[in-house]
Amino acid sequence: MSSFTYTINRDIFADHPHYRRGVIVFKALDNSQANAKLTALLRLAENGLRQRIAGNPAEYPHIAAWRDAYRQFGTKPSEHRSSIEALSRRVLKPDNLPDINPLVDIGNLVSLRHVLPAGVHPIGPASKDVTLRKTAADDRFLPGPGEAPETIAPGEIVLAAGSRVLTRRWTWRQAGDTRTLANTDCVFFDIDGLPPVSREDVTAAMSEIVSLVDSYCGGVCVGQTILDAENRRFSVSLD
């Protein structure tokens with residue numbers, strides 16, 4: 001039996017007791033078909049963000065919460081921005097985001113709609129048991145294809161499969177070998193909420209992802225949950 005397991009270590013909640021992460025797992029997807037309607041929804045999400053955020057995006061509460069969290073584990077948020085801050089700054093330039101593929105576009109548009117980090121990762125043989133945790137001594141991160149792996153300083157929050165780091169600095173950057181491609185057919189999304197983002201906000205974003213994936217990629221949603229201090233582990237069958 002093939003399964004996928006996702007765990008958040010207890011010490012994450014010791015530092016951030018009200019943090020929650022939505023996780024959704026899909027299989028049998030078709031990520032190869034570009035769709036003009038999905039592109040139009042992405043443009044609407046960009047325009048919505050421009051109307052929602054006036055002034056410095058770093059001061060917007062949903063983004064400021066991540067800047068505070070980054071400072072807490074020793075990262076300068078002006079140098080390494082959370083994914084939602086980097087995405088928002090790009091849209092507010094204003095720039096339009098590129099169409100990459102349906103799954104990545106869905107993550108971006110839901111992230112913009114709700115002003116929260118939302119990412120998508122392929123599930124492969126080496127990424128079926130993942131953990132959000134603080135770094136370990138043997139952790140390695142591959143910045144990009146063909147680049148040398150990076151070592152990581154202690155205390156950083158990472159998403160990892162064993163010693164292979166999938167995402168650095170919580171929501172900052174995915175590894176170069178975790179890209180979602182046109183032929184990717186099994187993935188998990190994660191959707192992050194730090195106060196003032198509520199459980200209801202995360203649930204709403206998750207519902208939109210499920211609906212959009214069904215509309216533009218088909219496939220099967222094999223399971224979803226919200227991980228928090230009371231529910232730190234999630235496992236589903238991929239068979």
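Student: Where does Ala 137 lie?

Tutor: Ala 137 sits in the loop between S4 and S5. Here helices (H or I, at least four residues) and strands (E, at least two) are DSSP runs, numbered from the N terminus. This is a predicted model: local features need pLDDT of at least 70, side-chain atom pairs count only at pLDDT 80 or more, and totals for chains, interfaces and linings use all residues. Residues are numbered from 1 along each chain as its sequence is written, and side-chain values use heavy atoms, with hydrogens and water left out.

Student: Why is Ala 137 called exposed?

Tutor: Buried means under 20% relative accessible area, exposed over 50%, and partly exposed in between (1.4 Å probe, protein chains only). Ala 137 has 81% relative accessibility, so the residue counts as exposed.

Student: What makes S4 and S5 a pair?

Tutor: Two strands pair if DSSP finds at least two bridges between them. Strand S4 (residues 129–134) and strand S5 (residues 157–161) have four bridges in the antiparallel sense, so by that definition they pair. Arg 133, for example, has Val 158 in S5 as its bridge partner.

Student: Which sheet has the order S7-S6-S5-S4-S1-S10, and what makes S7 and S10 its edge strands?

Tutor: That order belongs to an open sheet of six strands with mixed pairing. Strand S7 (173–174) and strand S10 (233–237) are its edges, as each pairs on one side only.

Student: What is the strand order in the open sheet of four strands?

Tutor: The order is S3-S8-S2-S9, with antiparallel pairing. Its edge strands are S3 (118–122) and S9 (220–227). Between strand S2 (residues 20–27) and S9 there are seven bridges, and Arg 21 has Leu 227 as its bridge partner in S9.

Student: Which strands does helix H6 lie across?

Tutor: H6 (residues 199–216) lies across S2, S8 and S9, and runs at about 15° to S2. Axes are lines fitted to C-alpha atoms, for helices over the stretch in contact, and angles run from 0 to 180 degrees between N-to-C directions.

Student: How do you know that the buried residues of H6 line one face of the helix?

Tutor: The buried residues are Val 202, Ala 205, Met 206, Ile 209, Leu 212, Val 213 and Tyr 216. Seen down the axis of H6, they fall within an arc of 130°, so they line one face. The arc is that of the directions from the helix axis to the C-beta atoms. The face turned away carries the exposed residues Glu 200, Asp 214 and Ser 215.

Student: How do you know that the length of helix H3 agrees with its number of residues?

Tutor: The expected span of a helix is 1.5 Å times one less than its number of residues. H3 (residues 61–72) has 12 residues and should span 16 Å; its end C-alpha atoms are 17 Å apart, which agrees. Among the buried residues of H3 are Ile 63 and Trp 66.

Student: Why is Ser 88 called buried?

Tutor: Ser 88 has a relative accessible area of 0%, so the residue is buried. Its place is in helix H4 (residues 83–91). Leaving aside neighbours within four places in sequence, Ser 88 is in contact (heavy atoms within 4.5 Å) with Leu 49, Ile 53 and Ile 63.
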